[in-house]
Amino acid sequence: MEEKKEKILIVGLNITDIKKKSQFEMEASMDELEELVEAAGGEVVARLTQNRPSRDAAYYIGTGKAEEVRDYVEKLEADMVVFNDELSGVQIRNLEDAVGVTVLDRTALILDIFAQRALSREGKMQVELAQLKYRRSRLIGLGKQLSRTGGGIGTRGPGEKKLETDRRHIEGRINDIKKELADVRRNREVQRGQRMKANVPIVALVGYTNAGKSSLLNSLIKTHREYSAEKEVFSKDMLFATLDVTLRKAVLPSGKEFLVTDTVGFVSNLPHDLVEAFKATLEEVKYADLIVHVVDASNENYDMQMDTTLDILKQLDSLDKDIITVFNKMDKMGFEADYPKQEDMVFISCKTGYNMDLLVDMIEKKLLKSFTKAKLLIPFERGDIFNSIQKKSQVEHFEYVENGISVTALLSDEDYNRYREFVLEQ
Ligand SMILES: Nc1nc2c(ncn2[C@@H]2O[C@H](COP(=O)(O)OP(=O)(O)OP(=O)(O)O)[C@@H](O)[C@H]2O)c(=O)[nH]1
Ligand SMILES: [Mg+2]
């Protein structure tokens, strides 16, 4: 792009009374905000941070700090200030008055990146829905943002035309999109039904943005007979390179086919509305037979990134699925790992192919594991077990009997052993 990059000042608050961050965590979080700004097409000209016991209700940061921000904005001729948190409508308006330029929060910034990247109709609608909900809750506040025309960070997205209208208009548009999305979803369900009938297992790649999910997908599909370079997905050293979910065919050493899905990357403080909006897309994860959690082992913050991913999997109700954890980019670490070695973990490099065969073997073992048909009697107070079996296994029959729930299901060896005490007959 020829366009001049917008100059952006980023501001972070360390709220010391509630969840004080260490200096390292604070800097890492600001580094990530800087990468997000770059992903949106902007350039960070300065960063400011403040320690405060709590947020200021009107200005988020202290008013003295807000003046300091304005001085920097003038001196550096910044176009915009981006805050590393979610702001209320009132805070945005007050801050814009105080600093004299547009103010965005972390959520609006992420929404803007998503708006730029979404390609499919569904992806675009999901982003618009999240944007509309964001704006609806801030209608009183948004000043400069809403009146800004002519593009730039924070103004992009399919919703742009409608965003200047009032709440009623927004409500109407939200309902329209919900209806359209419901249509798309029905379609998706039909497709999913067909895939399940065909009995092709699905492996979902999940992980923090930039961990190497798309690179891994591209490595996994290479041995399939229908592979061609066009089947490869976009992979790049930038946050949120992938937004739309894709499914590609791959093959196991035994010759059995499976499907791999590449999903949107996660990031800490992913806006709640966005997770909600993308839940349908991420349902592929819910229906997957196996989850491969890709971790960038070379990232200093890999443990925080893992926690974030696990947290989002939890929101998707998918934590009790089979998960293989893959530590990628081991070439950057000299192939030496000091992480705890556990079952279901593997250290790889998509770049060099290191341990890729090991990973494929692990996937094969998980997907081809044998099932045993068993009849169980689960006591009423262990409803959690019944739920888990319903989610993970094929339940042929269940009924409520006097002393519990009688269930006939196909159990994996693992589950069979886990629930052995409840098994009545095989
Ligand atoms: N050194 C090294 N770089 C890697 C490796 N795997 C991936 N990368 C690089 O890491 C960057 C991100 O890779 P992607 O595959 O796009 O990551 P992703 O997880 O799909 O990211 P999003 O789609 O943005 O969430 C790219 O520049 C890759 O070339 C690896 O094993 N070693
Ligand atoms: Mg990707």
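Colleague: What should I know before we start?

Modeller: This is a predicted model, where local features need pLDDT of at least 70, side-chain atom pairs count only at pLDDT 80 or more, and totals for chains, interfaces and linings use all residues. Residues are numbered from 1 along each chain as its sequence is written, chains are lettered from A and ligands numbered from 1 in the order in which they are written, and side-chain values use heavy atoms, with hydrogens and water left out.

Colleague: Which domains does the assignment give?

Modeller: Domain 1 (6-118), domain 2 (200-367) and domain 3 (371-425). Such bounds come from an automatic or database domain assignment. The centres of domain 1 and domain 3, taken over C-alpha atoms, are 51 Å apart.

Colleague: How do you know at what angle helix H2 and helix H5 cross?

Modeller: Axes are lines fitted to C-alpha atoms, for helices over the stretch in contact, and angles run from 0 to 180 degrees between N-to-C directions. The helices themselves are DSSP runs (H or I, at least four residues), as strands are (E, at least two), numbered from the N terminus. For H2 (residues 23-39) and H5 (residues 106-117), the axes cross at roughly 35° and come within 9 Å. The crossing is left-handed, a word used if the near helix is turned anticlockwise from the far one by less than a right angle (right-handed if clockwise).

Colleague: What makes strand S12 and strand S14 edge strands?

Modeller: They belong to an open sheet of four strands in the order S12-S13-S11-S14, with antiparallel pairing. S12 (394-401) and S14 (423-425) each have a single partner strand, so one side of each lacks a neighbour in the sheet. Neighbouring strands here are turned by 30° against each other on average, direction ignored.

Colleague: How do you know that strand S11 and strand S13 pair?

Modeller: Pairing takes at least two bridges found by DSSP between two strands. S11 (residues 371-378) and S13 (residues 404-412) have eight, running antiparallel, so by the definition they pair. One example is threonine 372, whose bridge partner in S13 is leucine 411.

Colleague: Why is strand S7 called largely enclosed?

Modeller: Buried means under 20% relative accessible area, exposed over 50%, and partly exposed in between (1.4 Å probe, protein chains only). Five of the six residues in S7 (residues 257-262) are buried, so the rest of the structure largely encloses this strand. S7 is joined to strand S5 (residues 202-207) by four parallel bridges, and to strand S6 (residues 246-251) by six antiparallel ones.

Colleague: What makes helix H9 mostly covered?

Modeller: Six of the eight residues of H9 (residues 213-220) are buried, including Leu216 and Leu217. The buried residues pack against S5, S6, S7, strand S8 (290-296) and helix H12 (356-367), with contact meaning heavy atoms within 4.5 Å.

Colleague: What is the phi of glutamate 77?

Modeller: Positive, at about 50°, although glutamate 77 is not a glycine. Most residues other than glycine have a negative phi. Glutamate 77 sits in the loop between helix H3 (63-76) and strand S3 (80-83).

Colleague: Why is glutamate 77 called exposed, and what does aspartate 317 count as?

Modeller: Glutamate 77 has a relative accessible area of 57%, so it is exposed. Aspartate 317, at 41%, counts as partly exposed. Aspartate 317 also has a positive phi, near 65°, and lies in the loop between helix H11 (302-315) and strand S9 (323-328).
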